[in-house]
Amino acid sequence: RVSQFSKLLAIKMGLTEKEAVEISLGGYLHDLGKVAIPDGILLKQGKLSEAEYSVIKTHPLIGKKLINAHPLSEMVCKPIVEHHERLDGKGYPHGLHEDEISFSAKIVGVVDMLDALTSARPYRREMDLDKAMQIMETAAGTRFNDKMIGHICELGRDGDLSHIIGHSAEEIPLVICP
């Protein structure tokens with residue numbers, strides 16, 4: 001889902017098909033490091049403790065270590081490491097500010113939030129797209145780039161995200177609908 005959302009947002013922002021596909025690959029691999037996070041934390045039904053959240057925050061750097069020697073590493077490393085960074089510097093793992101965060105990571109970060117809000121989690125049900133977009137709009141300018149939020153919400157209002165949300169729920173294979 002993050003990969004597909006990333007590609008749509010990149011194209012909406014005027015990137016070429018090749019650039020959009022490269023960003024979508026970063027979106028596909030952005031949470032690679034979560035393979036090292038214990039299921040007891042990833043699947044916890046309640047609120048994470050501070051210690052558990054500290055463990056979760058290691059996944060971007062673990063992902064970097066896992067992909068570092070791969071030939072595609074240079075293309076996907078920034079979205080893997082930086083997708084939880086925030087424009088206001090309050091993100092992780094490095095506390096980067098707006099100008100320090102790569103464009104590809106900004107895209108993946110925005111759509112990762114959309115995916116998180118519209119996906120069922122062990123601790124809550126998925127949100128409908130309209131509610132998710134309202135929440136995302138409140139994060140514009142502090143967490144995320146205003147233009148990216150505007151474009152992803154426009155894609156949502158135009159119905160361009162529904163086929164991804166509607167066809168990639170648990171146990172439904174990820175496909176690009178015709």
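Author: Helices (H or I, at least four residues) and strands (E, at least two) are taken here as DSSP runs, numbered from the N terminus. Read along the sequence, the chain follows the pattern α-α-α-α-α-α-α-α-α-α, with ten helices and zero strands. The radius of gyration, taken over C-alpha atoms, is 15 Å, close to the 16 Å that the globule rule gives for 178 residues, so the chain is as compact as a globular protein of that length; the rule is 2.2 Å times the number of residues to the power 0.38. The C-alpha trace spans about 40 × 35 × 30 Å along its principal axes.

This is a predicted model, in which local features need pLDDT of at least 70 and side-chain atom pairs count only at pLDDT 80 or more, while totals for chains, interfaces and linings use all residues. Residues are numbered from 1 along each chain as its sequence is written, and side-chain values use heavy atoms, with hydrogens and water left out.

Of the 178 residues, 42% count as buried (under 20% relative accessible area; exposed is over 50%, partly exposed in between, with a 1.4 Å probe and protein chains only).

Side chains of opposite charge can pair when their charged atoms come close. The structure holds ten salt bridges, each a side-chain nitrogen of Lys or Arg within 4 Å of a carboxyl oxygen of Asp or Glu. One of them joins arginine 1 and aspartate 115 (2.4 Å, N to O). This pair links distant parts of the chain, 114 residues apart: arginine 1 belongs to the segment before helix H1 (2–12), and aspartate 115 to helix H7. Both arginine 1 and aspartate 115 are buried.

Another salt bridge pairs lysine 34 with aspartate 31 (3.4 Å, N to O). Lysine 34 is partly exposed, at a relative accessible area of 27%, and aspartate 31 is also partly exposed, at 22%. In a further pair, arginine 125 meets glutamate 126 (3.7 Å, N to O). Here arginine 125 is exposed, with a relative accessible area of 64%, whereas glutamate 126 is partly exposed, at 37%.

Glutamate 100 is partly exposed, with a relative accessible area of 47%.
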